[in-house]
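Hello,

Here is the structure for you to look over. My notes on it follow below.

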Amino acid sequence: MIDGLNVAVERGSLLSILGPSGCGKSTLLNMINGLDDVTSGRIAVGGHTVSVRSRSAVRIGVVFQEPRLLPWRTVRDNVRLPLDELDVPRDEADRRVQRYLDLVGLGEFGDYYPLRLSGGMQQRVALARGLAIEPDLLLADEPFSALDEITARKLRQEFTDIWRATGRTVLFVTHNIREAVFLSTRMLVVTARPCTTHMDIAIDVPYPRVPEDDRLFEIEKQVTRDFIRMEEAASGDRPAERAGV
Amino acid sequence: MPAVAINMWQGVKAIDLSLIRMGRAFHFSRSSILRKLVVPQVIPFLLAALRYALGLAWKIATVVELIGLSSGVGYQLGYWFGLFNMTQVLAWTLMFTIVLLLIEFVILKPTEHWLTRWRPSMQN
């Protein structure tokens, strides 16, 4: 399913992977997270080869498309959940939970139950949960794609701030070109079946970025053009159906 | 208790698998997944099953007393009914009802309310 994907992610960078749906992005994330084994090739995080058996050597945080919080636990207990699993001492865990809730702007909401929060806030809790284990690598699987555009936009902005404040390495999977361009230090465009690197673009626009930056627009335009050409090539010899028809 | 078993079966079928996947993504141990992610999701179904089982058990106990035993509410009901003493029959029925209501409102309802306190209520 995935073939010839050879990427090195620098520590502290924010790499986004942009690909058409069904190109094996979820499989890739599962393999990186040590839930599926690779059939050939090798995945290493921080010098440790990842496989289903050796997965405990590196810490990986995950943010999903949906918040996936436990509705019967308070916000605080939700963020705490993976910390308990790692046997973090009680007061250290308390401190960390509060720190990361503050970081995502929900310091006051620790005692709320998730169902009383809005979708955007729930997703922030999920982000705090992913960060609280202080992971070597944070995997984000289209975390903003289920939110309305205004909320998503605000969260993207905050996401880059938080990422810069914590200095984590982030792997961000998305199918939103603008989002990928806006967020990442480097983006990878992959093709579907087999999943191969199509483009590898470094985005040298300094942070903090504004979504309306012309440089970002230029990159977005270029990537979009290329992406559509790639899709058309993949869908065979049919006459070019322009996007937006 | 096939009804209870069926209820539990439904409960297990209704488990939100995305939460289990979340647990696996964070590398929870099997026992943690069971304790922290599976059991809490089954609890509402367990409560419903328990309530049903309790009602059924009371009914059966009363009928058994009525037919075959020489003490208990069922026996008293049958005895006074045989003597055409409606006052006693109604008194025993009333007492029986009160006991059941007490169990419902003092034990079951508060427990259920506490266990499902995370659900936003209609008012807010």
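H4(A) is followed by Glu134(A), which has a positive phi near 50°. Please keep in mind that this is a predicted model.

The helix itself, H4 of chain A, covers residues 119-132. Its 14 residues should span 20 Å at 1.5 Å a residue, and the end C-alpha atoms are 20 Å apart, so the two agree. H4(A) is mostly covered, with 12 of its 14 residues buried. Among the buried residues are Gly120(A), Gln122(A), Gln123(A), Arg124(A), Arg129(A) and Leu131(A).

What do the buried residues of H4(A) pack against? In chain A the partners are strands E4 (60-63) and E5 (137-141) and helices H2 (75-85), H3 (90-103) and H5 (149-166). Chain B contributes helix H2 (17-25).

On the domains: the assignment for chain A gives domain 1 as 1-54 + 140-237 and domain 2 as 59-64 + 71-135. Domain 1 of chain A puts 14 residues into the contact, and domain 2 of chain A puts in 15 residues. Taken over C-alpha atoms, the centres of these two domains of chain A are 24 Å apart.

In chain B there is a nonpolar surface patch of about 700 Å². Leu94(B), Ile98(B), Leu101(B), Leu102(B), Phe105(B), Val106(B) and Ile107(B) make up this patch. One of them, Leu102(B), lies in helix H5 (residues 86-115) of chain B. Leu102(B) counts as partly exposed because its relative accessibility is 49%, and exposed would require over 50%.

Regards

Terms used:
Residues are numbered from 1 along each chain as its sequence is written. Chains are lettered from A and ligands numbered from 1 in the order in which they are written. This is a predicted model: local features need pLDDT of at least 70, side-chain atom pairs count only at pLDDT 80 or more; totals for chains, interfaces and linings use all residues. Side-chain values use heavy atoms; hydrogens and water are left out. Patches are made of residues with over 30% relative accessible area and no salt bridge: like charges are joined within 9 Å, nonpolar side chains (Val, Leu, Ile, Met, Phe, Trp, Tyr) within 5 Å. Accessible areas come from the Shrake-Rupley method with a 1.4 Å probe; for residues, only the protein chains shown count as cover. A salt bridge is a side-chain nitrogen of Lys or Arg within 4 Å of a carboxyl oxygen of Asp or Glu. Helices (H or I, at least four residues) and strands (E, at least two) are DSSP runs, numbered from the N terminus. Buried means under 20% relative accessible area, exposed over 50%, partly exposed in between (1.4 Å probe, protein chains only). The expected span of a helix is 1.5 Å times one less than its number of residues. Contact means heavy atoms within 4.5 Å. Domain bounds come from an automatic or database domain assignment.
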